[in-house]
Amino acid sequence: MAALKINQAALLPKEPRPIISIGAGGIVNDAHQPAYQKAGFKTLGIFDLNQKQAEVTATKFAIPSVYTSLGEAVSQAPDNAVFDVAVPAAALETLLPQLPDAAAVLIQKPMGDSFAQAKTIRAICQDKGLQAAVNFQMRYAPYVLAARSLIEQGAIGEVHDMEIRIKVNTPWHLWHFFEALPRVEILYHSIHYIDIIRAFLGEPSGLYAKTVSSPTSAKLASTRSNIIMDYGNHLRANITTNHGHAYGLKNQESYIAWEGTKGAIKATIGLLLNYPEGKPDAFEYCILQEGQEPGWTTQPISGTWFPDAFIGSMASLMRFLEGSSDQLPTHIDDAFKTMTLVEAAHRSSDAGGVPILL
Ligand SMILES: NC(=O)c1ccc[n+]([C@@H]2O[C@H](COP(=O)([O-])OP(=O)(O)OC[C@H]3O[C@@H](n4cnc5c(N)ncnc54)[C@H](O)[C@@H]3O)[C@@H](O)[C@H]2O)c1
């Protein structure tokens, strides 16, 4: 095999467009703005219902304008702006109709708090001709890009197994709004894993799931899930999450693994271990050599999920808008397919397992 070159970085636009940030909450401060600073993308202005929060964020990231209303943000936005919307999903149905027709928009996931909202959001985007993508940025995490790069070079052969396993102690108290929601773990966490499995393996023919609550987060609808995506009898795709592993770091786990006919890859998602401080990521791969014991290579990875992946999701929209790419992988229509699988997972979980014959 030719020497491997492992790409870890997203392609950038030739001419980044100006960004208007709608929302100045946790994820904008922790990931959107740090990513844009790193990539050299300029944010012209910011609006949040919480004006103080918008001002604090503007000061922190040297954003020139703080708008007092969404209308002001829209009227001040240049024609080529990208609206970077990061508000709770329930706000999208009323917010999106107020954006200019045909505007470019990057919408934070999830695409609504329910399947009905996802349909409404898709309809709004279609009716207004929005050039809209959903921020499924995990596809652009440097270790996910590295895995894609290896797989596209044929390094591990044909992928026949993909597994995402999360056993961590997530501090859910950081997000009080989850307590009011009927859907939590799959809609807010496993949605990323469903989306990247789709991105690697395509559309499954069906899905089995069970999602349950945990004594460590009893006020939340669910924080532990098992999801099997059905790709027939020769390809396994599995998501297992347990966000209530309150027994120290020693046996916590957080990884994505790919297995193929010629090798395997394991990417450790450090961010979720000891969240929010996190632990280092790790990227290892094994390429089978005839007559030799399997050996694993550790590949240093530059950057991580938060914030680097957020460069990729914005960059891919900007590249599509400028014509550098004819693909928009997280286009609203593609994101809607991820929402159909979230819906299927809940239907499967509600329906329960196959009754046991007596
Ligand atoms: N990895 C990821 O993709 C990721 C991670 C975290 C959060 N998120 C998503 O990002 C969104 C925001 O999450 P967060 O953690 O920043 O929440 P947050 O509660 O910290 O911030 C939300 C902000 O939105 C503002 N807001 C609410 N409605 C608004 C409206 N109509 N117009 C303008 N501002 C409005 C609030 O005042 C608040 O400042 C959620 O949908 C969440 O699911 C995604």
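**Helix packing, ligand shell and strand pairing**

In this predicted model, helix α1 meets helix α8 through Asp30, Ala31, His32, Pro34, Ala35, Tyr36, Lys38 and Ala39, which touch Phe306, Pro307, Asp308, Phe310, Ile311, Met314 and Ala315 on the α8 side. Sorted by class, this α1–α8 contact comes out as 11 nonpolar residues, three charged and one polar. As for the geometry, the axes of α1 (residues 26-39) and α8 (residues 305-322) sit 7 Å apart and cross at an angle of about 70°. Since angles of 65 to 115 degrees count as roughly perpendicular, α1 is therefore roughly perpendicular to α8.

Helix α1 also turns up around the ligand. The shell there holds 23 residues, with Gly25, Gly26, Ile27, Asn50 and Gln108 as the closest ones. Helix α1 supplies three residues, the largest share of that shell. The class breakdown of the ligand shell is 13 nonpolar, eight polar and two charged residues.

Over in the strands, β11 (residues 253-260) pairs with β7 (residues 159-167) through eight bridges, and the two run antiparallel. One of the pairings puts Ile164 across from Ile256 in β11. Strand β11 is also joined to β12 (residues 263-268), again antiparallel, by five bridges. Here Ala257 stands opposite Lys266 of β12. The link between β11 and β12 is a hairpin of two residues. As a rule, side chains in a regular strand alternate between the two faces of the sheet.

Terms used: Residues are numbered from 1 along each chain as its sequence is written. This is a predicted model: local features need pLDDT of at least 70, side-chain atom pairs count only at pLDDT 80 or more; totals for chains, interfaces and linings use all residues. A residue is near a molecule or strand if its C-beta atom, placed from the backbone, lies within 6 Å of it. Helices (H or I, at least four residues) and strands (E, at least two) are DSSP runs, numbered from the N terminus. Ala, Val, Leu, Ile, Met, Phe, Trp, Tyr, Cys and Pro count as nonpolar, Asp, Glu, Lys and Arg as charged, and the others, Gly among them, as polar. Axes are lines fitted to C-alpha atoms, for helices over the stretch in contact, and angles run from 0 to 180 degrees between N-to-C directions. Angles under 35 degrees count as roughly parallel, over 145 as roughly antiparallel, 65 to 115 as roughly perpendicular and the rest as oblique. Two residues are in contact if their C-beta atoms, placed from the backbone, lie within 7 Å. Two strands pair if DSSP finds at least two bridges between them.
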